[in-house]
Amino acid sequence: MATHTLDITKEHCPMTFVKTKLKLAQIAQGDILEVLLLEGEPLNNVPKSAAEQGYHVIGISHVEGNVHKVIIKK
Amino acid sequence: MADNQQKKLSIIAFSGEFDRLTAAFTLATGAAAVGYEVNIFFTFWGLDAIKRKTGRSLVGGTFLTKIFGFLMGGLKSTPTSRFNFFGAGPRIFRFLMRKNNVATLEELVEAAIALGINLYACEMAMHVLGLKQSDFIHEVKDTLGVASFLEISEGGRTLFI
């Protein structure tokens, strides 16, 4: 079980969702993806859409400033 | 809508303008990334977005359709609906998009393909413009008519852009 990191703090809609979706498709079943993202649209909707698509959102934590980390298990 | 039923968005891409195509592909890729099944049906000027030759070329069966094909061009020669300034507008937009780290139209098309969005070409418009499926990128799944489009878009949301 590997852990992968994806930084989408410099991305804008729709690439925040697109990059997360494509990364989740790439990694193996059971792998963990840590997504660094900003408050607002990405924080509100990236974990929500991951959960809706059947991925397991393990946790959301504050990193610094307006950056947060969402941990998703495939 | 039942939980196990996949949400669906179907877009009729009629416009061959840079900004409208950007809007269509932004909606399409965003929807696909959050789990929607997405179909884009390209018709008339929208067909420019899926041409294999992205610049100006003499595609089309007859002299007249070849001239049309050349004037319409492909993805890289799409004009903006406002402030086109004889072709400078899209270049300025591409510059601003890169500068602000916003996906360009070409990047959105690449993302649409990577996300497995269903791309369809309008059979009737292809016939009028003298285009064949081989004139399009190979990711175009099929050529469709109205009845088939209504069938694939059934049960979802449909947008005309």
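Which residues of α1(A) meet which residues of α1(B)? The points below take up this contact and its surroundings.

1. Basis of the note. The model is predicted, so local features require pLDDT of at least 70 and side-chain atom pairs count only at pLDDT 80 or more, whereas totals for chains, interfaces and linings use all residues. Residues are numbered from 1 along each chain as its sequence is written, and chains are lettered from A and ligands numbered from 1 in the order in which they are written.

2. The helix pair between the chains. In α1(A), A:Phe17, A:Val18 and A:Lys21 meet B:Thr29, B:Gly30 and B:Ala33 of α1(B); contact requires C-beta atoms, placed from the backbone, within 7 Å. These residues divide into 3 nonpolar, 2 polar and 1 charged (nonpolar: Ala, Val, Leu, Ile, Met, Phe, Trp, Tyr, Cys and Pro; charged: Asp, Glu, Lys and Arg; polar: the others, Gly among them). Helices here are DSSP runs of H or I with at least four residues, strands are runs of E with at least two, and both are numbered from the N terminus.

3. Geometry of that pair. The axes of α1 (residues 15-26) of chain A and α1 (residues 18-33) of chain B come within 8 Å and cross at roughly 40 degrees. Axes are lines fitted to C-alpha atoms, for helices over the stretch in contact, and angles run from 0 to 180 degrees between N-to-C directions. α1(A) and α1(B) are therefore oblique to each other; angles under 35 degrees count as roughly parallel, over 145 as roughly antiparallel, 65 to 115 as roughly perpendicular and the rest as oblique. The crossing is left-handed, meaning that the near helix is turned anticlockwise from the far one by less than a right angle, and clockwise would be right-handed.

4. The interface as a whole. Contacts link 13 residues of chain A with 12 residues of chain B. On the side of chain A that touches chain B, α1 and α2 (41-52) each supply at least two residues, and α1(A) gives the most, with 5 residues. That side of chain A divides into 6 nonpolar, 3 polar and 4 charged residues.

5. α1 and α2 within chain A. These two helices pack at an angle of about 30 degrees with their axes 10 Å apart, which makes α1(A) roughly parallel to α2(A). Their crossing is right-handed. A:Thr16, A:Phe17, A:Thr20 and A:Leu24 in α1(A) meet A:Pro42, A:Val46, A:Ser49 and A:Ala50 in α2(A). This contact divides into 5 nonpolar, 3 polar and no charged residues.

6. Four strands form an open sheet of mixed pairing in the order β1-β2-β4-β3; strands pair if DSSP finds at least two bridges between them. The edge strands are β1 (3-7) and β3 (56-64), each pairing on one side only. β2 (residues 32-38) and β4 (residues 67-73) of chain A are antiparallel over 7 bridges, with A:Val35 opposite A:Val70 in β4(A). α2(A) packs on the sheet, touching β2, β3 and β4 of chain A, and its direction makes about 155 degrees with that of β2(A).

7. Of its 9 residues, the number buried is 0, so β3(A) lies largely in the open. A residue is buried with 20 or more other C-beta atoms within 10 Å of its own, exposed with 12 or fewer, and partly exposed in between. β3(A) pairs with β4(A) in the antiparallel sense over 7 bridges. The hairpin has 2 residues between the strands, and A:Gly65 takes a positive phi near 55 degrees there.

8. The sheet of chain B. Its order is β4-β3-β2-β1-β5, an open sheet of 5 strands with parallel pairing. β4 (140-144) and β5 (157-160) stand at the edges with a single partner strand each, so one side of each is left without a neighbour in the sheet. α1(B) packs on the sheet, touching β1 (8-13), β2 and β5 of chain B, and its direction makes about 165 degrees with that of β1(B).

9. Helix α6(B). This helix (residues 146-153) is hardly covered, with 0 buried residues among its 8. α6(B) lies across β1, β2, β4 and β5 of chain B, at about 160 degrees to β2(B).

How values were computed: Contact = placed C-beta atoms within 7 Å.
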